[in-house]
Amino acid sequence: MDLGNVASLSLFYPEIVLAGTILVLTILDLVVANKRAMAYLGLAGCLVALGATVDLYGTEPTLLFHRMVALDNFSLFFKVVTLAALVGAIWMSIGSGEVRQVHLGEYYIVLLTCGFGMFFMASANNLLMAYLGLELVSLTSYILTGMLPHNRRSAEAALKYLIYGGVASGTMIYGMSWVFGMAGSLDYATINAAMAEGGGNQIALFMAFVFILAGFGYKMAFAPFHMWSPDVYQGAPTPFTGFLSVASNAAGVAILIRFFYPAVSTLGQEGAWAFQALPALQWTDLLVALSIITMTWGNLSALNQRNVKRLLAYSGIAHAGYIMMGLVVLNNDGLNAMLFYVVVYLIMNLGAFLVVMIVANATGREDMDAYRGLAWRGAAFPAVCMMVFLASLTGLPPMAGFIGKLLLVAAIIEGQFYVLAVVAMINTVVSLYYYWRIVKTMFLDEPAPEDGPVAATASAMPLLGALMVLTIVLGVYWAPLLDYTTGSLGFFMP
Amino acid sequence: MAEYVALLADVGLKHYLVVSGILFALGIYIVLTRRNAISILLGVELILNSAGLNYVAFSHFSTGQVDGQIYTVFIIMLAASEAAIGLAIVLAIYQLFSTIDVEATETLKD
């Protein structure tokens, strides 16, 4: 179905609820003195939008607004992921001492707008919409990164993010302009038809795809477009870092899959995709190389980090490499494993950043020394939760991360990419070292005399407990989530 | 005069693509070599405008529709908002570091 502007509105209510919440918050910011109430309103808006999104799930795939936006299970899945990350981030922000320093009204408005942009990244069906969605997310992210007042690290991180982001999105639209020139249209369906006929000049098309991959890759933080991520993760307020690490990654995955699968490839028998745009060049070899470089670089750089936020940034780069493995095999099993991993990564990484925030609230520090003997300093529950999240990030059974990694590796072994599978295994072992160094510091190291007791932030405890339970439950009973991701591969096919 | 007009009629898609390619390369070069934050932002603008030029050229010569021109209008608008945010951040950097040299503002490392 192909709807016009007014008819689209009846299928657009999650976005309308979120946009309405943003507008109401903007007005309330001018008149309400108690800014903390705005957080609860934002939270309520996100929950209502979440309900609306879940309600729409399963509708017949439709194109809205004159083919600009696609409404299908795939986009709805990523909207649910984005909203879940928003709920987590707002909840974290309520308890965060760092966020208390900033102008709270603006903070929540810009945070929700960032999530709103991710909706369009997930559902763009046109090169223009993809660019607009990506830029909306980027611009709001720069603002949120640099929001901490009189903070050198925050301002520097924002500048670096802006420069890398500007270059990456400029490169991306330069590549898109070549695709536009060769396909003759911005619409994904027309591009698909042009690619099915063999595309255009192979070298030009290959360069264009690499340039586009740079823009998407910067959102996902995979090498060599990952340089911004450690600095930004370290400088930004911790709740926003948590949001960025999971939601920006998920939105990058969404826009990447929608461009390189439904728009450029054709779905064949039994879930296998034919990437027919570049018959003469080995596109998958490039993806294999990128994936290997990303996970190895991320893991090796993480080994010597003393700052836990920076360590988690490098671990995020490594996880972007793991997620990339699903792209290589060019079939629905790989995509399914990617979607599953996105959800699992959301849960465990948000949890890890929540513990970082709790420790930073109590001690004002983020380096490894602040975690010395954490379990014996009155924060036993956060320490145990951190251990669960780190075990899951490593990929140890019976945590959710193990199942996620298992699905990815199973998909690439079935596709006979044995080298990639072996490298992924070796990388898992490498990551064991730095994740478990934190666990060792928390449980086995004696607290130094100057390490005071750590008061756990009370408002964060329910979220922490829920994330920990989910990490363990999804590790032993993952079938419902797998069914959900399988159902979410329903694309709008041009 | 007439021969110059005739020469202009010969300007085709390739000429525009070469100019935009040069602009793009210059933009990347500036970003990689300059140390002044404002210069780097100017380099980013060059990259964005090279893409904008491409869209208008392709739209005029190959598709014959206005969708490429519309894309360029959006690029200009987003470049303006990016410049606004960029200058605000550069101002904050100047207040905190008293310089906008990107190599002098290195506090984030392990």
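This briefing covers the two chains of the model, their contact, and selected local features. The model is predicted: local features need pLDDT of at least 70, side-chain atom pairs count only at pLDDT 80 or more, and totals for chains, interfaces and linings use all residues. Residues are numbered from 1 along each chain as its sequence is written, while chains are lettered from A and ligands numbered from 1 in the order in which they are written. Chain A comes to 19 helices and four strands, and chain B to four helices and zero strands. Helices (H or I, at least four residues) and strands (E, at least two) are DSSP runs, numbered from the N terminus.

**Chain A overall**

- The radius of gyration of chain A is 22 Å, close to the 23 Å that the globule rule gives for 494 residues, so chain A is as compact as a globular protein of that length. The radius is taken over C-alpha atoms, and the globule rule is 2.2 Å times the number of residues to the power 0.38.
- Along the principal axes, the C-alpha atoms of chain A fill a box of roughly 70 × 55 × 40 Å.
- Of its 494 residues, 61% count as buried. A residue is buried if 20 or more other C-beta atoms lie within 10 Å of its own, exposed if 12 or fewer, and partly exposed in between, with C-beta atoms placed from the backbone.
- Among contacts in chain A between residues at least 6 apart in sequence, 80% join residues at least 24 apart. Two residues are in contact if their C-beta atoms, placed from the backbone, lie within 7 Å.

**Chain B overall**

- The pattern of chain B, read along the sequence, is α-α-α-α.
- Chain B has a radius of gyration of 19 Å, whereas a compact globule of 110 residues would have one near 13 Å.
- Its C-alpha trace spans about 60 × 30 × 25 Å along the principal axes.
- Buried residues make up 32% of the 110 residues in chain B.
- For contacts in chain B between residues at least 6 apart in sequence, 47% join residues at least 24 apart.

**Contact between the chains**

- Chain A gives 35 residues to the contact and chain B gives 34 residues.
- On the side of chain A that touches chain B, α6 (127-145), α7 (152-183) and α10 (228-235) each supply at least two residues. The largest share of that side, 18 residues, comes from α7(A).
- By class, this side of chain A has 16 nonpolar, twelve polar and seven charged residues. Ala, Val, Leu, Ile, Met, Phe, Trp, Tyr, Cys and Pro count as nonpolar, Asp, Glu, Lys and Arg as charged, and the others, Gly among them, as polar.

**Helices of chain A**

- Helix α5 (residues 104-123) has 20 residues and reaches 29 Å from its first C-alpha to its last, close to the 28 Å expected at 1.5 Å a residue. The expected span is 1.5 Å times one less than the number of residues.
- In α5(A), 16 of the 20 residues are buried, so this helix is largely enclosed by the rest of the structure.
- Helices α15 (residues 380-394) and α17 (residues 418-443) pack at an angle of about 175°, with their axes 9 Å apart. Axes are lines fitted to C-alpha atoms, for helices over the stretch in contact, and angles run from 0 to 180 degrees between N-to-C directions.
- α15(A) and α17(A) are therefore roughly antiparallel to each other, a term for angles over 145 degrees.
- Residues of α15(A) in this contact include M386(A), L390(A) and L393(A), and those of α17(A) include L432(A), Y435(A) and I438(A). The residues of the contact divide into eleven nonpolar, three polar and no charged.

**Surroundings of G45(A)**

- G45(A) lies in helix α3 (residues 36-56) of chain A and counts as buried, with 23 C-beta neighbours inside 10 Å.
- Not counting residues up to four places away in sequence, G45(A) touches V17(A), L18(A) and T21(A).
- The C-alpha atoms of G45(A) and V87(A) are separated by 9.5 Å, the two residues being 42 residues apart along the chain.

**Backbone features in loops of chain A**

- A cis peptide bond with omega of about 0° joins A223(A) and P224(A); P224(A) lies in the loop between α9 (202-220) and α10.
- A cis peptide bond with omega of about 5° joins P397(A) and P398(A); P398(A) is in the loop between α15 and α16 (400-414).
- F65(A), a residue other than glycine, has a positive phi near 50°. F65(A) sits in the loop between β1 (62-64) and β2 (69-71) and is partly exposed, with 18 other C-beta atoms within 10 Å.
- H150(A), in the loop between α6 and α7, has a positive phi near 50° and counts as exposed, with 10 C-beta neighbours inside 10 Å.

How values were computed:
Angles under 35 degrees count as roughly parallel, over 145 as roughly antiparallel, 65 to 115 as roughly perpendicular and the rest as oblique.
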